[in-house]
Amino acid sequence: MTTLANYKARSGRFVPVWTLEIQTLPEDTDRILDAVMAVHPLGYGRYQRNASISAVGCETTQPEAGSTTTTHVPGFAAGSTETYPMVELKISVERDVDVLGRVMDAILAVHHYEEPVIFLREDWASRAAYDPNRDNPHRWWNNGRGLPDRIA
């Protein structure tokens, strides 16, 4: 694959990042993000605390003997199938092992599982040739609609 390290266009460039996809309970996303923010700003351009949260789906598993489920749920039979609601919380950080270590430690300290499902990918994230006064008619400040309605 051709590297994007030297890519630059009028519209912007790409920077190397690690993307973490964290499966968690919908109600735990803010706790995880707050813990990560204590060690990393989750910056994206001129914005911080950047993350995406998927719609609620489900995760399923069959805990083995000796798992925390079989240890802490009275009468749970090893090998029984469990299904729970979950979302995928996606964040990105620069490709720096020390940063990744601090972020992973923060996540593991507040995640509800002892073995959270976390995927790590090497990605390239866009960085726009930023101009907050650009008169492009598609930008939210020019399109007559403004920002979308806030969820929270």
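## Overall fold

The structure is a predicted model. Its chain contains three helices and six strands. Followed along the sequence, these elements come in the order β-β-α-β-β-α-β-α-β. The chain is more spread out than a compact globule, because its radius of gyration is 20 Å, well over the 15 Å that the globule rule gives for 152 residues. Taken along the principal axes, the box filled by the C-alpha atoms is roughly 65 × 35 × 30 Å.

The contacts of the chain also describe its fold.

## Surface and charge

Of the 152 residues, 27% count as buried. The chain exposes about 10,500 Å², and carbon and sulfur atoms supply 52% of this area.

The charged side chains comprise 15 positive and 20 negative ones. The centres of these two sets are 15 Å apart.

## The largest nonpolar core

The largest nonpolar core is made of 14 residues. Those with the most contacts inside this core are Leu20, Ile22, Val36, Ile91, Val93, Val103 and Ile107.

Leaving aside neighbours within four places in sequence, Val36 is in contact with Leu42, Ile91, Val103, Ala106 and Ile107. Asp105 is 69 residues from Val36 in sequence, and the C-alpha atoms of the two are 8.7 Å apart in space. Asp105 belongs to helix H3, yet Asp105 counts as exposed, at 55% relative accessibility.

Thr29 lies in helix H1. Is Thr29 buried or exposed? Thr29 counts as buried, because its relative accessibility is 6% and the limit for a buried residue is under 20%. Apart from residues up to four places away in sequence, Thr29 touches Thr24, Ile53, Val87 and Leu89.

The loop between H1 and strand E3 (52-53) holds Leu42, and Arg49 is found in the loop between H1 and E3 as well. Most residues other than glycine have a negative phi. Phi of Leu42, however, is near 50°, a positive value, and phi of Arg49 is near 60°, also a positive value. The surroundings of these residues can be described by their accessibility. Leu42 is buried, with a relative accessible area of 1%, whereas Arg49 is partly exposed, with a relative accessible area of 33%.

Ser80 is placed in the loop between helix H2 (68-72) and E5. With a relative accessible area of 29%, Ser80 is partly exposed. Which residues are in contact with Ser80, leaving aside its neighbours within four places in sequence? They are Thr61, Gln62 and Pro63.

Ser80 and His40 are 40 residues apart in sequence, and the distance between their C-alpha atoms is 38 Å.

## The segment after strand E6

Ile151 lies in the segment after strand E6 (118-128). This residue is exposed, because its relative accessible area is 88% and a residue counts as exposed over 50%.

The C-alpha atoms of Ile151 and Ile22 are separated by 21 Å, and the two residues are 129 positions apart along the chain. Ile22 is among the residues with the most contacts inside the largest nonpolar core.

How values were computed. Residues are numbered from 1 along each chain as its sequence is written. This is a predicted model: local features need pLDDT of at least 70, side-chain atom pairs count only at pLDDT 80 or more; totals for chains, interfaces and linings use all residues. Side-chain values use heavy atoms; hydrogens and water are left out. Helices (H or I, at least four residues) and strands (E, at least two) are DSSP runs, numbered from the N terminus. The radius of gyration is taken over C-alpha atoms; the globule rule is 2.2 Å times the number of residues to the power 0.38. Buried means under 20% relative accessible area, exposed over 50%, partly exposed in between (1.4 Å probe, protein chains only). Accessible areas come from the Shrake-Rupley method with a 1.4 Å probe; for residues, only the protein chains shown count as cover. Lys and Arg count as positive and Asp and Glu as negative; His and the chain ends are not counted. The place of a charge is taken as NZ of Lys, CZ of Arg, CG of Asp or CD of Glu. A nonpolar core is a set of buried Ala, Val, Leu, Ile, Met, Phe, Trp, Tyr and Cys residues joined through side-chain atoms within 4.5 Å. Contact means heavy atoms within 4.5 Å.
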